[in-house]
Amino acid sequence: MIPKVRHLREAEIVLKQYFGHSAFRKGQKELIDALMSGRDVLGVMPTGAGKSICYQAPALMLPGMTLVISPLISLMKDQVAALTQAGIPAAYLNSSMDFEEYTLTLREAVQGAYKILYVAPERLTTGVITGLCKHVKVSLVAIDEAHCVSQWGQDFRPSYLKIAAFISSLDQRPTVGAFTATATEQVKADIQKLLELRQPLEITTGFDRPNLYFDVIQAENKIGYVRNYLAAHREQSGIIYCATRKGVEAVWEHLLKNGLSAVRYHAGLTDEERKRNQEAFVYDQAQVMVATNAFGMGIDKSNVSFVIHYNMPKNLESYYQEAGRAGRDGSPAECILLFSNADIQTAKYFILHTEENDELTPEEREAVQEADMKRLNQMIDYCKTTACLRRNILAYFGEDAPNGCGNCGNCKRDFVQQDITVEAQKILSAVTRVERRYPYGLGVTLIVHMLHGSKEQRILDLGLHEFPTYGIMRDTDRKQIRAYIEQLIQEGYLTLSVEYPVLHTTEKARAVLYQGEKVFIAQRRDKVSDRIQEKAAMPAETRQDLFDHLRSVRLELAKQERVPAYIILSNAALADMAQKLPRTRQELLNVSGIGEVKAQRYGDVFLKAIQDWESR
Ligand code: ADP
Ligand code: ZN
């Protein structure tokens, strides 16, 4: 057996030479080492942590070919483009290819032209790949998105269940590496069992994504927030997720009207439009993608700088996965959730009216709903917490984290306690009286109007003007009354039923009304000055104008090569370049993300760009 030290040394050279990185990240070294010594592995790392290198580096060092099983056609295409750019012979076989292309690639593979071959799991059962493996030695099978084998995961793919049989059908069993970003124990156990891993080295790195900034904004005017945000981030690429197709349409139209560059994506569009819009986004022709959660599986665009959720998702798994599409190249990126109480109603409605689980028995369905509700409550908790948001997410995934991360909305702002006992008493007593007269309850708008003393016909018809609480908040703005009510719902003094959105009081309300309990709410006070200072400090430090210049150079190259810009070089690499100001090819190699082939291909162009910038 090759001594460990030797292949680790070799791995470091491969890392530098091909991928342009000078040090391994957490977990990478151990996983590569195990695969090189023929041991199966299970690597669990969050998106963007660098799973690909864990099998791509061994692929370059091992004899023969590495087969990568990946469920997503767009991802394969991207990965192969990136490998080719780095000078690594790679190809893919999937159903998007025409017959000629397919047979040509296959023939080349048989002749040993590729070190890495990506295949879709469906291809494994056709016998073609098994045939190929008779001609070429396959040293390693890497299974990407391995959680797809588990029915407990979100993206179960029946074709993944055939992988184990495929592997054991090979004359000589290759080493098997499974990789995923999903880490529940149940899914991990399924992966081991169903992929028949043999005593794998299991490495689970933390789930934290330190470069992501998290925030929850309780915006009254969501669309206004989005517009302002986009105006302040014109040069950046981002995704806006909406809960419904209707939401997507509304936001998208609004952005277009305001002259912003946006495309849309949801299941109601034709395949063709979806494809066109996705490409416009990936190739940076459109700045913003407005989409439902149908968009994203397989989006490997690494320069997404922000993900805004226009509505609260159903659970934190979905949220973290969607938000996690930001900052995959390691550059700072923002994940912002725009929260309103109406989102809770929508999410509950989705849970109660889902038609997905037709084959379940009523008992099973009830159990599923109960679990969904529990997860929803944890999602709501995230939206309302005044503590560190990152810690909240990591705790949900069973990970410990310090009390404050310093890089989330809650860590960056102060909270002040505001006493709203008087307002609460007025509102709660109004709702209690209404409940007595109308036991089924009334909606928020009517209660607001009643408290404000409106003379609307509906109010008079219902006799609400005869209540002693009529008009007791005459001096308070209606919007403000509504905001108080929302806060009382949030804090559990009032509830809104799901089926009909009517208000009811809770046990907690009675304590306020009859036992003199006080009501406090945590008001956010943004440390605005901090944020502004930080932004102002940016350009000098990162040489923003040089960065922008390098970016335009990259865009030109991308156009020439007909690949997305991030395939040429990541934003992180450009930022590093702007920082290090390399003057020679050799110095260029010190930039993270520039390996030998890239330095050879594009080095002169970038060196000249820096020279021009310096002598301007
Ligand atoms: P994952 O598959 O885990 O989502 P990727 O393999 O796509 O993540 O890697 C994400 C990004 O991190 C890529 O831009 C990659 O170049 C970068 N990366 C991976 N390993 C390293 C490393 N050791 N040093 C610096 N950057 C790295
Ligand atoms: Zn924090």
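Where is L581 found? L581 sits in the loop between α25 and α26.

1. **Basis.** This is a predicted model, in which local features need pLDDT of at least 70, side-chain atom pairs count only at pLDDT 80 or more, and totals for chains, interfaces and linings use all residues. Residues are numbered from 1 along each chain as its sequence is written, chains are lettered from A and ligands numbered from 1 in the order in which they are written, and side-chain values use heavy atoms, with hydrogens and water left out.

2. Phi of L581 is near 45°, a positive value in a residue other than glycine. Most residues other than glycine have a negative phi. L581 is buried, at 12% relative accessibility. Here buried means under 20% relative accessible area, exposed means over 50%, and partly exposed lies in between (1.4 Å probe, protein chains only). Helices (H or I, at least four residues) and strands (E, at least two) are DSSP runs, numbered from the N terminus.

3. D284 belongs to the loop between α11 (271-282) and β11 (288-291). Its relative accessibility is 28%, so D284 counts as partly exposed.

4. **R583 and E614.** A salt bridge joins R583 to E614, with the closest N and O atoms 2.7 Å apart. R583 lies in the loop between α25 (571-580) and α26 (585-588), and E614 in helix α27 (residues 596-614), so the pair ties together parts 31 residues apart in sequence. R583 is exposed, at 54% relative accessible area. E614 is partly exposed, at 35%. The term salt bridge requires a side-chain nitrogen of Lys or Arg within 4 Å of a carboxyl oxygen of Asp or Glu.

5. **R585 and D604.** These two side chains also meet in a salt bridge, at 3.5 Å from N to O. R585 is in helix α26 and D604 in helix α27, so this pair ties together parts that are 19 residues apart in sequence. Both ends are partly exposed: R585 has 34% relative accessibility, and D604 has 48%. Elsewhere, salt bridges that share partners join R9, E12 and K29 into one network.

6. **D208 and R390.** The whole structure holds 22 salt bridges. One of them links D208 with R390, the closest N and O atoms being 3.0 Å apart. D208 lies in the loop between β7 (201-204) and β8 (212-217), while R390 lies in helix α15 (residues 389-396), so the pair ties together parts that are 182 residues apart in sequence. D208 is partly exposed, at 29% relative accessibility. R390 is buried, at 6%.

7. **A buried lysine.** K188 is part of helix α8 (residues 185-194). Its relative accessibility is 7%, so K188 counts as buried. The K188 side chain makes a polar contact with the side chain of E202, at 3.1 Å. A polar contact is a pair of N or O atoms within 3.5 Å; within protein, one must be able to donate a hydrogen and the other to accept it, and residues adjacent in sequence count only if both atoms are side-chain atoms.

8. **Helix α3.** Helix α3 (residues 52-61) is mostly covered, with 9 of its 10 residues buried. Among the buried residues are I53, C54, Y55, Q56 and A57.

9. **Negative patch.** E363, E364, E366 and E370 gather in a patch of negative charge on the surface. A patch is made of residues with over 30% relative accessible area and no salt bridge; like charges are joined within 9 Å, and nonpolar side chains (Val, Leu, Ile, Met, Phe, Trp, Tyr) within 5 Å. E364 has its place in helix α14 (residues 362-384). E364 is partly exposed, at 40% relative accessible area.

10. **Two distances.** A371 is also placed in helix α14, and is partly exposed at 41% relative accessible area. The C-alpha atoms of A371 and Q28 are separated by 35 Å, and the two residues are 343 apart along the chain. M577 lies in helix α25. M577 is buried, with a relative accessible area of 0%. Its C-alpha atom and that of A609, 32 residues away along the chain, are separated by 11 Å.

Methods:
Accessible areas come from the Shrake-Rupley method with a 1.4 Å probe; for residues, only the protein chains shown count as cover. Lys and Arg count as positive and Asp and Glu as negative; His and the chain ends are not counted. The place of a charge is taken as NZ of Lys, CZ of Arg, CG of Asp or CD of Glu.
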